[in-house]
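Dear colleague,

Please find the structure below, together with its sequence. The notes that follow set out what was found in it, and I would ask you to read them with the structure open.

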Amino acid sequence: MTSFDHHDDFSLDDDTLHEECGVFGILGHPDAAALTALGLHALQHRGQEAAGIVSYDGQQFRSERHLGLVGDHYTDPAMLESLKGSMAMGHVRYSTTGGTVLRNVQPLFAELGVGGIAIAHNGNFTNGLFMRRKLISDGAICQSTSDTEVVLHLIARSRAKTSSDRFIDAIGQMEGGYSMIAMTRTKLIAARDPTGIRPLVMGELNGKPIFCSETCALDIIGAKFIRDVENGEVVICELQPDGTVSIDSRKPALKQPERLCLFEYVYFARPDSIVGGRNVYQTRKNMGVNLAQEAPVEADVVVPVPDGGTPAAIGYAQESGIPFELGIIRNHYVGRTFIEPTQQIRAFGVKLKHSANKAVIAGARVVLIDDSIVRGTTSVKIVQMLREAGAKEVHIRVASPMIYHSDFYGIDTPDRDKLLANNHETLADMCKFIGADSLQFLSIDGLYMAVGGEKRNNALPQFTDHQFTGDYPTRLLDKEHEGEFSKIELLAGNG
């Protein structure tokens, strides 16, 4: 994985998967920056480490990029006033490629021969380091460790005449899973990787086009959903002198079958979003229904690990007839910084984020529903917490299959040797490690049925599912050549 970050092993976030980014862009609206800030707020779940907005006012590009949450910075009227213009784009980030420093915060901007351009993307290029090394050997100077910068260099070096054609030329050289937005002085350009691993949708507000990672960002501003950007498609929206917007779609001559990442449904997308034409909340309930059919157990209450396990727990309870209860209460106001200073505070562990509801748990046989298990360390703490609250039995049911493989398309996953499934030879060993009375995972076919309504086609899988199966939909050029890359060095500083 092209990652240069190493997270504290004691962090409460070390046992979850992190999505890299969310993107949003709007063209031709007088409140473009404010609407972009609202859209990014709706996409905050896709990245909490940094946020950036770039606007264009007809004369110059304006940029605000900051570490932290959207609400920490973009609720200031003075800041939004500084982002003048009728076109804007923004990005929320969780860093998988490149460290959490301001120079890596997107959108990235460059002044080119055809004018200024800002770009941002969600996902990961599997040949980003390979292309970076090639560019540097040809004399390029890289200011960030973000692989988005590679695309800027390729746009700058393209011999195509228009900014649109240069953009298409550049992304045609990149591989991996991504959705990308670019903005020039008159255009908003959206692109999705040929396999369609990462989602991207198109909407409109008062006739003005919008592109964003999920439909929930359209809902927050009252925009209308138009359609998904197709895999391999580039959509070019251009502001005309009379204020109208032209829309041009470029599609590949040989289109590949779409393979959306299953983890959008399992974990990443907001439950109220529509991804690939499917309601995420309903797919997660379906996972719980299928889990109840595949792994029934005699119990008194069905309890979700909040918040991710809640829809699946509702489905499990409805299918099994076992009552659904909020047996774990989540504290939404704990941040990573609060727990990092001392080992004594870290030792409180999961209780900082979750508390057992003893009135529900005491004396009960509990079915604990989680959306996924990565390293298993959080599961250990939660089971211990439930037992301390008086649970008679704890049966864990996981609404996705075991995770065996790392991701290279924008999800920050631990190394393979740190994944629970690779550290124990049998399910019984995993169960013993966690301390539960029983442990079962949803089957891969059960997951496929929940999302797409049919079992996995092993010859031509309908989704990207490599975390479970090891079946990567693209070649992994950086991974194949990882021993050949020299260390990326940047001047230390606060930028």
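Predicted model: local features only at pLDDT ≥ 70, side-chain atom pairs only at ≥ 80, totals over all residues.

Residues are numbered from 1 along each chain as its sequence is written, and side-chain values use heavy atoms, with hydrogens and water left out.

H4 spans residues 128-137 and H5 spans residues 148-157; their axes come within 10 Å and cross at roughly 50°. Axes here are lines fitted to C-alpha atoms, for helices over the stretch in contact, and angles run from 0 to 180 degrees between N-to-C directions. H4 and H5 are therefore oblique to each other (under 35 degrees counts as roughly parallel, over 145 as roughly antiparallel, 65 to 115 as roughly perpendicular, and the rest as oblique). On the H4 side, Gly 128, Met 131, Arg 132 and Leu 135 meet Glu 149, Val 150, His 153, Leu 154 and Arg 157 of H5. Contact means heavy atoms within 4.5 Å. This contact of H4 with H5 has four nonpolar, two polar and three charged residues (Ala, Val, Leu, Ile, Met, Phe, Trp, Tyr, Cys and Pro count as nonpolar, Asp, Glu, Lys and Arg as charged, and the others, Gly among them, as polar).

H5 is largely enclosed by the rest of the structure, because eight of its 10 residues are buried (buried means under 20% relative accessible area, exposed over 50%, and partly exposed in between, with a 1.4 Å probe and protein chains only). Among the buried residues of H5 are Thr 148, Val 151 and Ile 155. The buried residues of H5 pack against strands E6 (108-112), E7 (115-125) and E8 (176-183), and against H4 and helix H6 (163-171).

**Helix H9 and its two partners**

H9 (residues 280-294) and H10 (residues 310-320) have axes that come within 6 Å and cross at roughly 45°. H9 and H10 are therefore oblique to each other, and the crossing is right-handed. The residues of this contact include Tyr 281, Gly 288 and Val 289 of H9, and Pro 311, Ile 314 and Tyr 316 of H10. By class, the contact of H9 with H10 divides into eight nonpolar, five polar and three charged residues.

The axes of H9 and H17 (residues 444-452) come within 8 Å and cross at roughly 145°. The crossing of H9 and H17 is also right-handed. Among the residues in contact are Met 287 and Asn 290 of H9, and Leu 447 and Met 449 of H17.

**An annotated residue**

The unreviewed UniProt entry annotates Cys 21 as "active site"; such annotations may be inferred rather than shown by experiment. Cys 21 lies in strand E2 (residues 21-27). Is Cys 21 buried or exposed? Cys 21 is buried, with a relative accessible area of 0%. Not counting residues up to four places away in sequence, Cys 21 touches Arg 46, His 91, Val 92, Arg 93, His 121 and Asn 122.

**The chain as a whole**

The chain has 19 helices and 23 strands (DSSP runs of H or I with at least four residues, and of E with at least two, numbered from the N terminus). Buried residues make up 56% of its 495 residues.

Notes: Left-handed = near helix turned anticlockwise from the far one by under 90°.
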